[in-house]
Amino acid sequence: MKRVILYILFSTMLFAYQKGDSVNVTNLGISSNGVYLVDFFASWCNSCQKELPLIKKLSAKGVNVIGIDVDENIDDANRFLQDMKLNFRVIKDPKGDIIKTFNPPGMPAIYIVKDGKVIDTIFGAHDNIDRYILSKIGA
Amino acid sequence: MRVMFLIIVALFFSGCSIKEVKPWQKEILAKESMQFSGGDGNLRKFVNHIYFSKEASKGGSGVAGGGCGCN
């Protein structure tokens with residue numbers, strides 16, 4: 001009985017990707033080797049807009065970044081991507097199929113994936129996030 | 001009997017459950033029009049003016065200050 005109660009209480013956490021979990025999303029294009037940054041953002045998310053220029057810097061330095069735009073409206077997503085001029089691959093996820101798998105507790109959400117496993121998660125916008133990520137991936 | 005009781009209790013508590021809004025579903029909630037007094041800056045200023053005139057206090061709505069009634 002205790003197990004059932006605990007399972008119900010923590011079920012949302014159990015289904016979210018956490019440190020050490022293997023990423024099994026085929027359409028992300030993540031290979032089993034190498035470091036990838038999976039960044040979830042949307043046009044209406046002001047913190048994401050603040051953070052994206054720093055992520056662009058990381059991409060320019062050679063970090064593999066995969067952006068996931070979770071805008072439900074494709075036109076909003078296209079306009080946003082045009083404005084931001086991102087230098088990395090972006091997958092549009094209007095139905096939330098990909099983000100549902102990751103199930104982050106907040107936006108923006110960044111997952112650092114190394115050799116197919118999540119090694120760190122960052123939720124919300126942070127100053128100097130590029131430096132933090134570089135220190136994490138040892139680049 | 002005990003199992004039936006537990007099922008009824010579980011149904012009772014789940015009957016009024018609210019569907020959780022996930023962080024990526026908050027597009028509408030993030031819009032300026034969802035703020036108190038809406039997204040109209042003039043209207044917000046007007047509402048704040050009425051508030052501080054009636055309450056003899058200013059501030060407390062996200063910025064520093066307030067409460068002395070000395071304006």
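Modeller: Over all chains, a search of the whole structure finds one disulfide, the term meaning a pair of cysteine sulfur atoms within 2.5 Å. This is a predicted model, in which local features need pLDDT of at least 70 and side-chain atom pairs count only at pLDDT 80 or more, while totals for chains, interfaces and linings use all residues. Residues are numbered from 1 along each chain as its sequence is written, chains are lettered from A and ligands numbered from 1 in the order in which they are written, and side-chain values use heavy atoms, with hydrogens and water left out.

The bond links Cys45(A) with Cys48(A), at an S to S distance of 2.1 Å. The torsion about the S-S bond of Cys45(A) and Cys48(A) is about 80 degrees, so this disulfide is right-handed. Cys45(A) and Cys48(A) are both buried (buried is under 20% relative accessible area, exposed over 50%, and partly exposed in between, with a 1.4 Å probe and protein chains only).

Between the C-alpha atoms of Lys50(A) and Pro108(A), which are 58 residues apart along the chain, the separation is 9.9 Å.

Read from the N terminus, the elements of chain A follow the order α-β-α-β-α-β-α-β-β-α. The five strands form an open sheet of mixed pairing, in the order 3-2-1-4-5, where two strands pair if DSSP finds at least two bridges between them. Strand 3 (89-92) and strand 5 (117-123) of chain A are the edge strands, each pairing on one side only. From one strand to the next, the twist averages 20 degrees (axes are lines fitted to C-alpha atoms, for helices over the stretch in contact, and angles run from 0 to 180 degrees between N-to-C directions).

Two antiparallel pairings involve strand 4 of chain A. Strand 1 (residues 35-41) pairs with strand 4 (residues 109-114) in the antiparallel sense over six bridges, and the bridge partner of Val35(A) in strand 4 is Lys114(A). Strand 4 and strand 5 of chain A are likewise antiparallel, over six bridges, with Ala109(A) opposite Phe123(A) in strand 5. Strand 4 and strand 5 make a hairpin with two residues between them, and Asp115(A) in the turn has a positive phi of about 50 degrees.

Helix 2 (residues 46-60) of chain A lies across strand 1, strand 2 (64-69) and strand 4, running at about 160 degrees to strand 1. Helix 3 (residues 74-84) of chain A lies across strand 1, strand 2 and strand 3, at about 165 degrees to strand 3.

Leu28(A) belongs to the loop between helix 1 (2-14) and strand 1 of chain A. Its relative accessibility is 0%, so Leu28(A) counts as buried. Among the residues that Leu28(A) touches, leaving aside those up to four places away in sequence, are Val38(A), Ile66(A), Ile91(A) and Phe102(A), contact meaning heavy atoms within 4.5 Å. Leu28(A) and Val38(A) are ten residues apart in sequence, with 8.8 Å from C-alpha to C-alpha.

For chain A as a whole, 45% of the 139 residues count as buried. Of the contacts in chain A with a separation of 6 or more, 67% come from residues 24 or more positions apart. Chain B has three helices and zero strands, and buried residues make up 8% of its 71 residues.

The contact between the chains takes 14 residues from chain A and nine residues from chain B. Trp44(A), Glu72(A) and Asn103(A) supply 47% of the area that chain A buries against chain B, more than any other three residues. Between chain A and chain B the buried area is about 920 Å², and carbon and sulfur atoms give 63% of it (buried area is the accessible area, with a 1.4 Å probe, that two parts lose on being put together, summed over both). The count of salt bridges between chain A and chain B is zero, a salt bridge being a side-chain nitrogen of Lys or Arg within 4 Å of a carboxyl oxygen of Asp or Glu.

Note on methods
Helices (H or I, at least four residues) and strands (E, at least two) are DSSP runs, numbered from the N terminus.
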